[in-house]
Amino acid sequence: MSMVGEHRSTRVAAATAGFPKAVLFDLDGTLADSAHDLLAAANAMRAARGRPPMSLPEFRPSVSRGARAMLLAAFPDLPETERESWVPELLDQYQRQIGAHQGVFDGVEAMLGALEAAGTIWGIVTNKPEYLARELLPHLGWDSRSAVLIGGDTLPVRKPDPLPLTVAADRIGVAASDCVYVGDDERDIVAARAAGMRSVVALWGYRLAGDDPAGWGGDIMVEHPAELADPARWPRS
């Protein structure tokens, strides 16, 4: 069977099994529990400036919002312009920590295994810089399993713009309307809707206290990754 025919047959099998043809995931806060590595990076910066370490509960809600939000959490008293200049330092500190404390959320492997067994293609669309995402995947055993990886700097725009999602769908050869996007941040759901994809709000991820996932407009909200090992839980077109 040709490679094109093989991909077509696995997508048909997935659809028959009730799973989506393709699923695209956010990375941090959706698949990867990256808060521990990122906290270590932020605390290294605080230590270098004579500040005590932050606790995980203090820091965790900011993780899905990107480097600037994490620096705001770590250094709320400093001017924005000063924090902005520290973004490269935070990314460098994180690169030193990557994989040291990293893990995946409980239930993620059961979910991915069920998708793979059904023939669903899955990939990652994240706002994390692509080089850091690619460095992380081998630590999680996903470098040969994820069919596509789009980072926050892969294209000229990033989420909530829909382009990263539509480019990912094109690269795996699946129509956007046959993909589902899973993410833990409002930007994920906005991007999915604009791309014409169904969406899943990952309630197990990182959220700020004032966030209202029920108002994001996702197709469904899911409390635990293992729920998505059941084909009946996925949104239907």
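# Chat about Gln93 and its surroundings

Visitor: Leaving aside neighbours within four places in sequence, what is Gln93 in contact with?
Guide: Ala41, Ala44 and Met45 are the residues in contact with Gln93 once those neighbours are left out. Contact means heavy atoms within 4.5 Å.

Visitor: What kind of model is this?
Guide: This is a predicted model, where local features need pLDDT of at least 70, side-chain atom pairs count only at pLDDT 80 or more, and totals for chains, interfaces and linings use all residues. Residues are numbered from 1 along each chain as its sequence is written, and side-chain values use heavy atoms, with hydrogens and water left out.

Visitor: Back to Gln93. Buried or exposed?
Guide: Buried, with a relative accessible area of 14%. The cut-offs: buried is under 20% relative accessible area, exposed is over 50%, and partly exposed is in between, using a 1.4 Å probe and protein chains only.

Visitor: Which helix is Gln93 found in?
Guide: Helix α6, which covers residues 87–97. Helices are DSSP runs of H or I with at least four residues; strands are runs of E with at least two; numbering starts at the N terminus.

Visitor: Which residues of α6 are buried?
Guide: Val87, Leu90, Gln93, Tyr94 and Gln97. Seen down the axis of α6, these buried residues fall within an arc of 125°, so they line one face of the helix. The arc is that of the directions from the helix axis to the C-beta atoms.

Visitor: New topic. Which residues does a cis peptide bond join?
Guide: Lys159 and Pro160, with omega at about 20°. Pro160 sits in the loop between β5 (149–150) and α9 (163–172).

Visitor: Where is Cys179?
Guide: In strand β6, residues 179–183. Cys179 counts as buried, at 0% relative accessibility. Beyond its neighbours within four places in sequence, Cys179 is in contact with Ala22, Ala169, Val174, Met197 and Arg198.

Visitor: How about Gly217: which loop is it in?
Guide: The loop between β7 (198–202) and β8 (220–222). Gly217 counts as partly exposed, at 45% relative accessibility. Not counting residues up to four places away in sequence, Gly217 touches Ile189, Arg193 and Ser199.

Visitor: How many helices and strands in the protein chain?
Guide: 10 helices and eight strands. The radius of gyration is 18 Å, close to the 18 Å that the globule rule gives for 237 residues, so the chain is as compact as a globular protein of that length. That radius is taken over C-alpha atoms, and the rule is 2.2 Å times the number of residues to the power 0.38.

Visitor: What does the C-alpha trace span along its principal axes?
Guide: About 60 × 35 × 35 Å. Buried residues make up 51% of the 237. Of the contacts with a separation of 6 or more, 65% are between residues 24 or more positions apart.
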